[in-house]
Amino acid sequence: MMAPMDLEPYRGELVAYCYRMVGSFHEAEDLVQETMLRAWKARERYDASRASVRTWLYRIATNVCLTALEGRARRPLPSGLGAPSEDPGAPLTPAFDIPWLQPFPDARYDVETRAALRLALVAAMQLLPARQRAVLVLREVLEFSAAEVAEQLGTTVAAVNSSLQRARAAVAEAGDPGEVQEPDDAEARKVVQRYARAFEAADVPALVRLLTDAAVLEMPPVPLWYRGRRDYGLFMERVFEMRGTGWLTRQLSAGGQPALAAYAPAEDGRHRLHTLQVFTVAGGRVARNVVFADPRVFEAFDLPGEISRDDFGRGR
């Protein structure tokens, strides 16, 4: 009789893997559920002499992801679709027909390799063909051997090594920043804390002082994006003119990056969830802010839809 097979300890890392493959947290959870179901049905055919349970699960998950990605358009960020806007007053028209890249909610799963979940890297991975994407993650992030990856993909070691070289070159060309401070870095925390204080005070000059010269601001599902401290500052002035001052923020972590949940003031005195902002901090400055307004993203992070200042003070 076969010993019981406990697959649950692998769920978190599999969700992170599928997220890197497809760029959507909710879809990644669905794909892992499909992986677990297939593994459970095939458990009697599992051969421990050929592969560990972990390696076997990744083979199933890879096949599930590759099938899901067939004929699928990549998930971009606005900065991956064209040149930056030069008009901070441009209409904020959402593009709901685009399957936007989503952030990963760190609090949901205990994932060791958080740096490989950062938005810029996952966006760069989306440029790769699906099999190259799998090779890059399996070899570089999860550190499977070339032979193990070849077995998982049903190919040769030479083909895996060739795919890895092409994937590395493509990601490097996409310009993913390598030296990014994670949210548990003391300097990154201080930068985001200062940003949060300036944001809550609607102090645009203070916000601008915290930016790099070429700081990027993008706001999916709005396809517009801005580059540079001037346009960033002008857009933030517009935000406070449109939505008022007296915002509240809550700090959290997304894909190994510091993040803020931003709550806009409402007429009834409460504050309503407006955006989730994910920061790239480099060299003690904010180099990028990706501002998400998708309710599905809020749901993934378990964020309350509205709060009062007293409630917020107790839970901050």
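I began with helix H8, residues 186-200, which gives the most to the positive patch, with four residues. The patch is formed by Arg189, Lys190, Arg194, Arg197 and Arg285. I noted the rule: patch residues have over 30% relative accessible area and no salt bridge, and like charges are joined within 9 Å. Lys and Arg count as positive. Helices are DSSP runs (H or I) of at least four residues, and strands (E) of at least two.

I noted that this is a predicted model, where local features need pLDDT of at least 70, side-chain atom pairs count only at pLDDT 80 or more, and totals for chains, interfaces and linings use all residues. Residues are numbered from 1 along each chain as its sequence is written, and side-chain values use heavy atoms, leaving out hydrogens and water.

Next I looked up salt bridges (a side-chain nitrogen of Lys or Arg within 4 Å of a carboxyl oxygen of Asp or Glu). The whole structure has 15. I picked Glu218 and Arg288, whose closest N and O atoms are 2.5 Å apart. This pair links distant parts of the chain: Glu218 sits in strand S1 (residues 211-219) and Arg288 in strand S6 (residues 285-292), 70 residues apart. Is Glu218 buried or exposed? Glu218 is buried, at 0% relative accessible area. Arg288 is partly exposed, at 22%. Buried means under 20%, exposed over 50%, and partly exposed in between (1.4 Å probe, protein chains only).

I then checked Glu13, which forms a salt bridge with Arg54 at 2.8 Å between the closest N and O atoms. Glu13 lies in helix H1 (residues 11-22) and Arg54 in helix H3 (residues 53-69).

Methods. Patches are made of residues with over 30% relative accessible area and no salt bridge: like charges are joined within 9 Å, nonpolar side chains (Val, Leu, Ile, Met, Phe, Trp, Tyr) within 5 Å. Accessible areas come from the Shrake-Rupley method with a 1.4 Å probe; for residues, only the protein chains shown count as cover. The place of a charge is taken as NZ of Lys, CZ of Arg, CG of Asp or CD of Glu.
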